[in-house]
Amino acid sequence: MSITPTDTARLDQMLAELSAGERGWARESLAARRALLMDVHANVAARAEEWVRVAGTIKQLPAASPLLGEEWTSGPWAVLGYLPALAETLSRLDQERDLLDGYRFGSAPGGRVTIEVLPHHFYDRLLLSGFTAEVWMEPGVTEGETRDRAGLGLRAPERTAGVAVVMGAGNITSIAPLDVLYQLYAYNRVVLLKLNPITDALLPVFEAVFAPFIERGYLRIATGDATVGDHLVTHAGVAAVHITGSEATHDAIVWGAGAAGVAAKAANTPRLTKPITSELGGVSPTIVVPGRWSKADIRFQAEHIATQRLHNSGFNCIAAQIVIVGKDWPQKQEFLSALRAALATAPERPAWYPGCDLRVAGARQAHPHHEALGGTGRTLLWGLDLADEAESAFGTEYFGPVLGVAELPGTGLEFLDAAVDLANERLHGTLGANLVIDPRTRRQFGAHLRQSIARLRYGTVGVNAWTGVGYLTARATWGAFPGHLLEDIGSGHGVVHNSLLLHRPERTVVYGPFRPLPRSVMTGQFSITPKPPWFVTNRTAATTGRRLTAFAARPRLTALLGIFASALRG
């Protein structure tokens with residue numbers, strides 16, 4: 001298939017308009033750029049209901065489904081949280097203040113500087129009680145350098161960097177808007193957003209949301225198939241590319257498709273020589289550290305891991321794919337039984353993302369002893385051998401409701417050290433890793449736990465918190481662990497979100513409560529968070545998500561009671 005002359009003319013016109021618009025973007029003051037963000041904030045608030053309705057239609061969810069809570073929290077809520085955070089960065093830069101003044105700095109093993117980014121304000125402490133997050137800088141980056149370099153392209157807003165093409169994701173609806181904002185503000189580029197065809201129905205919503213940027217010539221939004229995308233990324237008028245998608249799509253862009261692409265990659269002669277950043281997913285582990293758990297702990301954490309796999313029907317780049325458990329853990333069998341039950345009894349939903357049936361069939365064919373858990377492709381792969389170099393589940397991102405279980409001998413630090421090594425060496429990709437550890441065992445490990453986190457080569461690490469919380473944290477970074485080469489791109493290159501515009505971040509580490517309210521308080525943990533609204537088993541997730549979004553649009557104390565009441569009922 002080739003691109004039509006009509007499409008070529010349309011796209012070339014858009015790029016010409018952006019080239020002219022870049023001059024206007026260079027003249028926009030920091031205060032004006034901040035005002036544009038807050039205009040978009042108002043537009044998101046006004047269009048949030050329509051946004052979620054369209055997203056629910058794309059994902060084939062009934063209008064009354066609690067699962068629509070996922071569309072509220074990973075759609076407009078995520079963007080509404082990011083916009084004021086980025087606006088605060090602009091205000092500080094405009095006032096020539098230290099961008100990181102008031103942020104708590106710390107240290108991590110390996111000579112790393114850390115910055116606490118969650119909680120940031122009073123509302124964080126209430127709405128995400130018990131959750132914290134910190135950004136770790138690359139080893140050797142000092143606090144002084146971190147302060148001096150924060151701000152990236154906005155330190156010289158008049159020096160723009162051309163036109164960027166953003167290849168939008170098809171799975172989570174906030175990804176494309178957030179990627180657009182990062183190109184505009186972190187890299188100081190005007191943007192052409194190419195929507196994934198799956199999300200084309202959201203075009204009117206995104207055009208309305210970004211109207212202030214579109215009217216000024218700083219953004220254009222295009223639809224179309226792969227030929228449209230190829231025309232854009234190879235266009236002489238495009239200075240840079242960003243993609244959220246699969247490793248295969250990235251390589252087709254960089255090296256070319258088919259046999260020619262394979263040959264170009266082997267010869268290290270990329271057809272795309274302009275800068276490209278990317279977020280590409282991978283095979284994410286969840287390491288379950290052996291401990292002494294109550295029956296309620298086992299049920300809750302089984303639901304937690306089921307959520308890590310089944311959120312958005314498993315169509316997440318950060319979905320957990322391999323659960324690593326202790327072979328010698330006395331409660332192993334009880335936990336695995338609870339995990340199986342959580343996966344089997346979670347609400348049914350369509351396998352809406354294209355190609356899911358083929359990916360599930362491939363996983364099942366490669367594992368004859370799999371267990372099918374429902375008509376929508378839910379599959380458990382038991383007894384995976386982490387020493388098996390040929391095990392396909394460790395190198396293939398299934399992007400669907402397939403979860404594998406691997407067992408390791410040992411308990412305590414012996415188990416954790418071995419699990420970290422195997423997660424680093426055997427699993428493909430470096431986007432995110434999860435650790436589940438009870439408070440008693442965590443205290444016993446002491447500083448060693450932090451050393452283990454430092455050894456995990458992943459861009460986001462969640463400790464008793466799904467790494468998806470890192471995605472939703474506006475001031476955190478999101479992306480692969482640094483160091484992937486173009487010819488071996490893994491989970492990608494570069495970061496997004498990062499509203500503090502930090503230079504040379506390495507990872508984000510998110511911590512959450514091991515137990516929900518009321519058991520958290522009863523066992524001495526300071527957390528008033530009940531079952532989180534992103535859990536697939538949360539019965540009031542849609543109501544809570546809608547109320548959280550309304551709160552993010554207009555924060556006020558009087559709205560908190562309704563949010564808490566809905567969350568507790570969930």
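Predicted model: local features only at pLDDT ≥ 70, side-chain atom pairs only at ≥ 80, totals over all residues.

Visitor: Okay, where is proline 119 found?
Guide: Proline 119 is in the loop between β2 (112-118) and α4 (122-127). A cis peptide bond joins leucine 118 to proline 119, with omega about 0°.

Visitor: And what about the bond from leucine 517 to proline 518?
Guide: That peptide bond is cis, with omega near 5°. Proline 518 sits in the loop between β19 (505-511) and α19 (519-522).

Visitor: Switching to phi: what does asparagine 188 do?
Guide: Asparagine 188 is not a glycine, yet has a positive phi of about 65°. This residue lies in the loop between α6 and β5 (190-194).

Visitor: Is asparagine 188 buried or exposed?
Guide: Buried, because its relative accessibility is 1% and the cut-off for buried is under 20%.

Visitor: Now the helix. How do α3 and α6 cross?
Guide: The axes of α3 (residues 68-94) and α6 (residues 175-185) come within 11 Å and cross at roughly 10°. Angles under 35 degrees count as roughly parallel, so α3 is roughly parallel to α6.

Visitor: Which residues make the contact?
Guide: Among them are Tyr82 and Leu86 of α3, and Leu181 and Tyr185 of α6. By class, the contact has 11 nonpolar, no polar and no charged residues.

Visitor: Where is the kink in α3 centred?
Guide: On tryptophan 77, and the kink is about 40°.

Visitor: How many residues of α3 are buried?
Guide: 23 of the 27, so α3 is largely enclosed by the rest of the structure.

How values were computed: Residues numbered from 1 in each chain as written. Heavy atoms only, no water. Axes fitted to C-alpha atoms, helices over the stretch in contact; angles between N-to-C directions. Helix = DSSP H or I, 4+ residues; strand = E, 2+ residues; numbered from the N terminus. Parallel < 35°, antiparallel > 145°, perpendicular 65-115°, else oblique. Contact = heavy atoms within 4.5 Å. Nonpolar A, V, L, I, M, F, W, Y, C, P; charged D, E, K, R; others polar. Bend = angle between axes of the 7 residues up to and from the residue. Buried < 20%, exposed > 50% of the residue type's maximum accessible area, 1.4 Å probe, protein only.
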